[in-house]
Amino acid sequence: MNEIVVTFGSEHRLTGTICLPTNVAPQAVAFVMLNAGVVSRMGPHRFNVKLARHLADLGIASLRFDLSGQGDSRPASGVHSPEEQVMVDLREALDHLAHTTGIQQFVIAGICSGAVAAYFFAQRDARVVGTWMLDGYTFHTWRSQVIRLWGKFKRVFRRSWHETWAKLQAALRPAHAAEETVDYGSTRQPTKAEYVHAMQAMADRGMRSYMMFSSDIEWYYNYQGQFHDAFKGQPFAASVTTEYLPTIDHTMTRLAAQQYVINRIGAWACTLANRPSH
């Protein structure tokens, strides 16, 4: 494994770390990892560092980098909106990694706001053959709503008896919109129809996705198979691998949780790396 700190982009203001395999034959797919919220390119609890090194052991190169104005990257000029700037930064990251390694197929890996960036950027750039997302977009089903409501009842009945009636009434009221969505740091949450259209277009060009959902959004995603229940009958769903992680939190605090997720990503990545290019 060889790690190289690089600056790149049209203004040489983006900073990242390229991790290259040295002991095994390089694969034809590389990973690009970006910030999770305001956490630097190392990722929460150095998750991106650990993932990059594990991937290198499998022959998969990667670039973990800081978006404009985050971590070690300097702010952008302000020509683009913040959300559009993320798209520009990602394009420049892929361009640099392609120029450095010769690789032309990429997986975008992102947690929460990073998952949002992966979703939108993958629609724009056909070089993206895969996305790994933790706590990215998904949609309710009748079963997830029942589980969510049952969770509200259980929380209510844990309280003292004189609070129970008021809390029970509150639980039965329709949920506010804020309770039904995850704060991804984006105003562009797609409707279900928009999501289906975008995901189908990406699946049609051969892109595959691996989506994981943590216990910290159990009121939003709360059982294994929810994603495929929500999109039953949609052809694109066959290109998506999902996993519900009821014992793992949003930032994978426990070392065992990090290692489990890293191993799962590595196994999935190998299925991408070993398939023919489109």
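Q: At roughly what angle do the axes of helix α3 and helix α6 cross in this predicted model?
A: Two packed helices are described by the angle between their axes and the distance between the axes. In this predicted model, helix α3 covers residues 113-124 and helix α6 covers residues 192-204, and their axes come within 10 Å. The crossing angle is roughly 55°.

Q: Which word describes how α3 and α6 are oriented to each other: parallel, perpendicular or oblique?
A: The handedness first: α3 passes α6 in a left-handed crossing. The axes cross at roughly 55°, while roughly parallel needs an angle under 35 degrees and roughly perpendicular needs 65 to 115. The two helices are therefore oblique.

Q: How many nonpolar residues are there in the contact of α3 with α6?
A: From α3, the residues involved are Tyr-119, Ala-122 and Gln-123. They meet Glu-194, Tyr-195, Ala-198, Met-199 and Met-202 in α6. By class, the contact has 1 charged residue and 1 polar residue, and the number of nonpolar ones is 6.

Q: Is Ser-239 buried or exposed?
A: Ser-239 sits in the loop between α7 and β8. Its contacts, leaving aside residues up to four places away in sequence, are Ala-203, Met-207, Arg-208 and Ser-209. The cut-off for burial is under 20% relative accessible area, and because Ser-239 has 16%, the residue counts as buried.

Q: Which residue has the backbone oxygen that the side chain of Ser-239 reaches?
A: Look at the loop between α7 (226-230) and β8 (240-245), where Ser-239 lies. The side chain of Ser-239 comes to 2.6 Å from a backbone oxygen, which belongs to Phe-236.

Q: What is the relative accessible area of Cys-112, a residue in the loop between β5 and α3?
A: Most residues other than glycine have a negative phi. Cys-112 has a positive phi, near 55°. Cys-112 is also buried, because its relative accessible area is 12%.

Q: Is His-12 buried or exposed?
A: His-12 is found in the loop between β1 (2-8) and β2 (14-20). Its phi is positive, about 50°, although His-12 is not a glycine. Exposed means over 50% relative accessible area, so His-12, at 55%, counts as exposed.

Q: Which residue with a positive phi follows α1?
A: Helix α1 spans residues 47-57, and its buried residues include Phe-47, Val-49, Leu-51 and Leu-55. After α1 comes a residue whose phi is near 90°, and that residue is Gly-59.

Definitions and conventions
Residues are numbered from 1 along each chain as its sequence is written. This is a predicted model: local features need pLDDT of at least 70, side-chain atom pairs count only at pLDDT 80 or more; totals for chains, interfaces and linings use all residues. Side-chain values use heavy atoms; hydrogens and water are left out. Axes are lines fitted to C-alpha atoms, for helices over the stretch in contact, and angles run from 0 to 180 degrees between N-to-C directions. Helices (H or I, at least four residues) and strands (E, at least two) are DSSP runs, numbered from the N terminus. Angles under 35 degrees count as roughly parallel, over 145 as roughly antiparallel, 65 to 115 as roughly perpendicular and the rest as oblique. A crossing is left-handed if the near helix is turned anticlockwise from the far one by less than a right angle, and right-handed if clockwise. Contact means heavy atoms within 4.5 Å. Ala, Val, Leu, Ile, Met, Phe, Trp, Tyr, Cys and Pro count as nonpolar, Asp, Glu, Lys and Arg as charged, and the others, Gly among them, as polar. Buried means under 20% relative accessible area, exposed over 50%, partly exposed in between (1.4 Å probe, protein chains only). A polar contact is a pair of N or O atoms within 3.5 Å; within protein, one must be able to donate a hydrogen and the other to accept it, and residues adjacent in sequence count only if both atoms are side-chain atoms.
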